[in-house]
Amino acid sequence: MSQPSPTRSADQVPAPDVALPEAEPPLGPDLSIGAGTTTPYEDYVRASVLTHLQQLQSDDPGEMVFLVTTQVMELWFTVIVHEWQTAADALRRDDLPAATDALRRSTWELEALNAAWKPLARLTPAQFNAYRGALGEGSGFQSAMYRRLEFLLGEKSASMLVPHRGSAEDHAALEKALHEPSLYDEVLRLLARRGHPVPEAVLRRDVTERYEPDPAVEEVWAAVLAGPQESELTRLGELLTDVAELVWRWRNDHLVATRRAMGAKMGTGGSAGVAWLEKRARKNVFPELWTARSHV
């Protein structure tokens with residue numbers, strides 16, 4: 001007869017295997033940054049620089065939104081110039097996919113630029129006059145980055161460098177842009193390389209002068225737009241038309257905002273104000289892309 005197993009005391013019973021809970025991940029980012037150092041976000045974005053650029057010149061609370069909106073527009077000009085220069089460089093080396101990618105990005109950026117008019121679009125004359133004096137002789141007409149944007153569109157004039165003589169860096173950048181083919185020049189050269197009859201006079205034109213429409217270029221675009229709708233060149237033409245339309249909307253939004261805020265007064269910095277903006281709003285960017293549609 002077998003003997004019963006001896007009873008084990010509590011301290012002799014082996015403990016069951018119990019998995020210790022894992023340490024939970026932190027709910028937010030690691031904020032343990034040493035004293036006296038900046039955050040990686042600040043190092044990359046330079047937010048503290050951007051948010052301390054607003055040097056108000058009046059006591060009117062509306063001046064802040066005017067100043068910040070203008071600075072935001074300058075940043076968008078910088079991005080769009082970068083995209084169009086990227087597109088022009090890609091066209092020069094026959095890399096149409098890279099060019100269209102840059103142009104497509106620029107349409108989204110132009111939409112954001114145009115939306116920046118919203119805070120200013122309903123200014124009454126009294127509200128604008130409350131801080132208008134703070135602008136002094138300042139005018140958007142004097143923006144070097146906007147001038148580079150216009151040069152890339154083919155709107156060139158050596159006289160536009162005059163306001164920037166006091167800044168060696170801006171003047172040099174504009175002079176370089178003045179003597180380089182515009183984005184549209186590079187498009188027309190690409191069309192010629194693809195076998196389209198772009199006139200030699202257009203291809204060899206003085207690129208420091210404003211681009212003027214040519215009937216033969218209109219015929220080229222009419223042929224492209226009437227051709228296969230999925231072709232690379234048709235898509236390029238429609239993308240350029242998107243860009244042109246958004247630039248036209250920018251000019252018109254500028255005109256309307258100025259009309260509401262100051263009527264027909266002389267603009268700041270001695271510009272003609274509404275009269276000059278009206279003239280600009282009547283001009284089409286990439287003109288033959290618009291007129292060619294009547295012949296398709």
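Is R93 buried or exposed? R93 is exposed, at a relative accessible area of 53%; here exposed means over 50%, buried under 20% and partly exposed in between, with a 1.4 Å probe and protein chains only.

1. Some housekeeping before the details. This is a predicted model, in which local features need pLDDT of at least 70, side-chain atom pairs count only at pLDDT 80 or more, and totals for chains, interfaces and linings use all residues. Residues are numbered from 1 along each chain as its sequence is written, and side-chain values use heavy atoms, with hydrogens and water left out.

2. Back to R93, whose side chain meets that of D95 in a salt bridge (3.9 Å, N to O). D95 is partly exposed, at 26% relative accessibility. A salt bridge here is a side-chain nitrogen of Lys or Arg within 4 Å of a carboxyl oxygen of Asp or Glu, and the count by this rule comes to 16.

3. Another salt bridge worth a look links E245 and R249, with their closest N and O atoms 2.9 Å apart. These two are about one helical turn from each other because they sit 4 residues apart in helix α11; helices are DSSP runs (H or I, at least four residues), numbered from the N terminus. Both partners count as partly exposed, E245 at 29% and R249 at 39%. Elsewhere, salt bridges with shared partners join D89, R92 and E186 into one network.

4. Beyond its neighbours within four places in sequence, E186 is in contact (heavy atoms within 4.5 Å) with A88, L91, R92 and P181.

5. Do look at S143 too, in the loop between α5 and α6. S143 counts as buried at 8% relative accessibility. Its side chain makes a polar contact with the side chain of E74 (2.7 Å) and reaches the backbone nitrogen of Y146 at 3.1 Å. Polar contacts are pairs of N or O atoms within 3.5 Å; within protein, one must be able to donate a hydrogen and the other to accept it, and residues adjacent in sequence count only if both atoms are side-chain atoms. Not counting residues up to four places away in sequence, S143 touches E74, F77 and H164.
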